[in-house]
Amino acid sequence: MMNLKKLFVVGAVLVMASTTANAELVNGVRQRPNVAKAEAFQADVGFYLFNTKARMFFVGANDWNTRASVATTGYKVKFLTVEDKTIAPAGTYEFTDSVLTKNNQWLSVFSTNDGGAIWVDNANETYRYWEVVTQPNGTYRISNNKLDTDLTDAQSEHSIAGKYLGWAGSDADTRLYFVDPAAEGAGVEWVFVTEETYTAWTEAWAAMKDQFNAAAELLTYINSAKEKNVDVAAEIDIYENEDATVEQLNAAIVAVQKKINEALGGNASISR
């Protein structure tokens, strides 16, 4: 059985404690592995940035591969100290990242003027300065108070008041937005990890991703079957069995599809 790790909090520092699980279940849903260790924030030091809800890393992806997103691979980031406070508000850092699609150039992460999109690949945009806010549990939230103030002053309909850089909670959309922490599924908390920890995570993920993805597909069919009042208790047991193989998970998918098909009177069109 794969030996993965969980995060535990000791003061403001996250340290590792081992557990033996292939895919932790949270509210009956399998999760990607957690990072084994996280570091206290330091300005001007390169880290990888891990979203604790999505259990994925900050990266440029989606639109032109330059939209701020989360993925199972990440970009290294640095929050740079800016001495000239005439261009960078007090308490802010220039959020930079090593952009893979541009030969690992260090460029800036910035928001558009309306807060509607966040990009990873410029160096002179106005809203490239961000706050890093420590949370009681040792994680961090990332805000853009300059943009918040400007939108508020302009009485813009695109207010980001009380919102943070985050994942909105759907694997179908891995882009990052300004997200309300109270929103369902919101992932606005981040931790900083070293290259060693990042590499360990990617190796753990490589070993389990086929199993995880098969289980995720099985879950979509299970949920569809439940909506149709189809009994899938046996398949739920397989889904929740962390030792279930890819072959067992795929067989369960076929079994659920057959049950749904029979419930629909032989209709071959099976929705998930």
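This is a predicted model: local features need pLDDT of at least 70, side-chain atom pairs count only at pLDDT 80 or more; totals for chains, interfaces and linings use all residues.
**The chain as a whole**

The chain holds four helices and 16 strands. Of its 272 residues, 44% are buried. Its accessible surface comes to about 13,200 Å², and carbon and sulfur atoms account for 48% of that surface. If you take the contacts between residues at least 6 apart in sequence, 54% of them join residues at least 24 apart.

**Helix α2 and its two partners**

| Helix pair | Angle | Axis separation |
|---|---|---|
| α2 and α3 | about 155 degrees | 10 Å |
| α2 and α4 | about 15 degrees | 9 Å |

Helix α3 is made of residues 233-240. With an angle of about 155 degrees to α3, α2 is roughly antiparallel to α3, because angles over 145 degrees count as roughly antiparallel. The crossing of these two helices is left-handed. On the α2 side, the contact uses Ala215, Leu218, Leu219, Ile222 and Lys226; on the α3 side, Glu235, Ile236 and Tyr239 take part. Sorted by class, the residues of this contact are six nonpolar and two charged, with no polar ones.

Now for helix α4, which spans residues 246-263. How are α2 and α4 oriented, roughly parallel or roughly antiparallel? Their angle is about 15 degrees, so α2 is roughly parallel to α4, given that angles under 35 degrees count as roughly parallel. The crossing of α2 and α4 is left-handed too. From α2, the contact draws on Asp210, Gln211, Ala214, Ala215, Glu217, Leu218, Tyr221, Ile222, Ser224 and Ala225. From α4 come Val246, Leu249, Asn250, Ala252, Ile253, Val256, Gln257 and Ile260. By class, this contact has 12 nonpolar, four polar and two charged residues.

Beyond its neighbours within four places in sequence, Thr197 is in contact with Val35, Ala36 and Lys37.

Glu247 sits in α4. Its relative accessibility is 58%, and Glu247 is therefore exposed, since exposed means over 50%. Glu247 and Ala214 are 33 residues apart in sequence, while their C-alpha atoms are 8.8 Å apart in space.

**A glycine in a strand**

Finally, have a look at Gly60 in strand β6, which runs over residues 56-61. Is Gly60 buried or exposed? With a relative accessible area of 8%, Gly60 is buried. Which residues does Gly60 touch, leaving aside its neighbours within four places in sequence? They are Asn65, Thr66, Arg67, Tyr75 and Val120. Gly60 and Ala71 are 11 residues apart along the chain, and 8.7 Å separates their C-alpha atoms.

Definitions and conventions:
Residues are numbered from 1 along each chain as its sequence is written. Side-chain values use heavy atoms; hydrogens and water are left out. Buried means under 20% relative accessible area, exposed over 50%, partly exposed in between (1.4 Å probe, protein chains only). Contact means heavy atoms within 4.5 Å. Accessible areas come from the Shrake-Rupley method with a 1.4 Å probe; for residues, only the protein chains shown count as cover. Axes are lines fitted to C-alpha atoms, for helices over the stretch in contact, and angles run from 0 to 180 degrees between N-to-C directions. Angles under 35 degrees count as roughly parallel, over 145 as roughly antiparallel, 65 to 115 as roughly perpendicular and the rest as oblique. A crossing is left-handed if the near helix is turned anticlockwise from the far one by less than a right angle, and right-handed if clockwise. Ala, Val, Leu, Ile, Met, Phe, Trp, Tyr, Cys and Pro count as nonpolar, Asp, Glu, Lys and Arg as charged, and the others, Gly among them, as polar.
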